[in-house]
Amino acid sequence: MREYLKFYIDGKWVDPVQPNTLDVDNPTTEEVSGRISIGSAVDVDVAVQAARKAFATWSQSSREERLDLLQAILAGYQKRSGDLADAVNEEMGAPASLAAGPQVALGMGHLATAIDVLKNFSFEEQLGSTLVVREPIGVCGLITPWNWPINQIACKVFPALATGCTMVLKPSEVAPYSAQIFTEIVDAAGIPAGVYNLVYGDGPGVGAALSSHPDIDMVSFTGSTRAGVDVARNAAATVKRVTQELGGKSPNIVLDDDDFAKSVAAGTSVMMVNSGQSCNAPSRMLVPNSRMDEAIAVAKETAAAVKVGDPDEPRALGPVASKAQFDKIQGLLQKGIDEGATLVVGGPGRPDGLDAGYYVKPTVFANVRNDMTIAREEIFGPVLCIIGYDDLDEALEIANDTEYGLAGYVSGADLDQARAVARRIRAGSVAINHGFDMTAPFGGYKRSGNGREWGHFGFDEYLETKSAIGYAPETAAG
């Protein structure tokens, strides 16, 4: 039974100002696995003031000082990677192979990337007589989700530290354990007091207090589009910068070529990763109408082979993270049936033999129309929708007919054609044959958010630009 009842503020573990606790469920067992304290606006204010005080010094730290800190955190992260994996497994039910693999490894990858970027990042340049300086934006409020808990903490905290910002982190109250271990790592690395602060809480309490606080200069939020709108509204009165990585309903256009079966199988498998709980998941697979039957057969075979709840299976599917998420998915599965989509495999209810845990059957719907609810709304579960097209122009029209624009996919053997299609998808990132690059900018168009994370693009969000005009008049004269 985990009990994380203190916050990390100004370099110390402290009690909340107003004691209040929340039980945390293990989605594999549906039983309480621990408790955390839930903060209030008062706790946020204490943390923000600590971060504001620390900013005066940390913002003036050298590149070498920041690199030393990040290297120390990396050493601690590597040492405690097993503890992080155990935490992710317990808080969101990620199978051991997923928790110790992508869940923890991606966080380490973001840290290594931030170190590499910082080594050569240019914080100033001279344009004639003007010196253009990129300075840390200030105190940052970082609000992270439960689906990739340590990954999302990493891709916010590390660029903030590298650019000289101070911060207050609010991790998801649904999956708080990995944030606790992460904070212990940061503390052990010798971070200066007040640079990094942690306050547990929910959105209406701590999240709203962070986004509206007048001494927060920037908010970085990852979560649902609905919650992102609330964050932006709360932040508007103080005209702070808001960056958001929100929902998605990403298309995967499968080309009509010799790799068709391979592409359908790959797209189905990728959709099931992390139990479908990825905002950039390829949830709408677009296939030629003339090959719909073939797509159905391949997707059915691929999804049916996914093992659910088997801890010894390297590619096992875990539960979704909460009862609320489970209930939402069940409603949308029934909606797909009611609206006339063809249920190929899976569907409502738990998988056979699993009477406990928020497990969802790996599900494939075919003959889906793009105006159906399951094609419009983000399901956030292991549910694939197959939509037919007659030609690539129609495929692209369908792909772009969504309020989201986080990601897109193109799958096929013809690289030239895939490149041409990728250019026409309106999304922040488009993966050709499920390529992956941790240095590529990640973020969305339309209601999928604004701003970019990952690599040197992630540094940009934490910096302000200053022009020192007349800084070098002799240069202009010469």
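Residue numbers start at 1 along each chain as its sequence is written. Because the model is predicted, local features need pLDDT of at least 70 and side-chain atom pairs count only at pLDDT 80 or more, while totals for chains, interfaces and linings use all residues.

**Stop 1: the second largest pocket**

Select Trp 146, Gly 223, Ser 224, Arg 226 and Ala 227, which lie nearest the centre of the second largest pocket among its 37 lining residues. On a 1 Å grid over the protein atoms alone, a pocket is an open set of points with protein on both sides within 12 Å along at least five of seven lines, and lining residues have an atom within 4 Å of a point. The volume of this pocket is about 960 Å³, a volume being the space filled by probe spheres set on the points, with grid points joined across faces, edges and corners.

Next, colour α8 (225-236), one of the elements that give two or more residues to this lining. α8 gives the most, with 6 residues. Helices (H or I, at least four residues) and strands (E, at least two) are DSSP runs, numbered from the N terminus.

Now colour domain 1 (2-246 + 448-467) and domain 2 (251-432): both give residues to the lining, so the second largest pocket lies between them. The domain bounds come from an automatic or database domain assignment.

**Stop 2: two cavities**

A cavity is a set of grid points where a 1.4 Å probe fits but cannot get out. The model has 4 cavities of 30 Å³ or more. For the largest cavity, of about 80 Å³, select Met 271, Ser 283, Glu 378, Ile 379 and Phe 380, which lie nearest its centre among 13 lining residues.

Then move to the second largest cavity, with about 70 Å³ of space. Its lining includes His 110, Cys 155 and Trp 454. Which helix supplies the largest share of this lining? That is α4, with 4 residues.

**Stop 3: an open sheet**

Show β6, β7 and β23, which form an open sheet of 3 strands in that order, with antiparallel pairing. Two strands pair if DSSP finds at least two bridges between them. β6 (124-127) and β23 (463-468) each have a single partner strand, so one side of each is left without a neighbour in the sheet.

Finally, zoom in on β6 and β7 (residues 130-136), joined by 4 bridges. Select Leu 127 and its bridge partner in β7, Thr 130.

Key
Heavy atoms only, no water.
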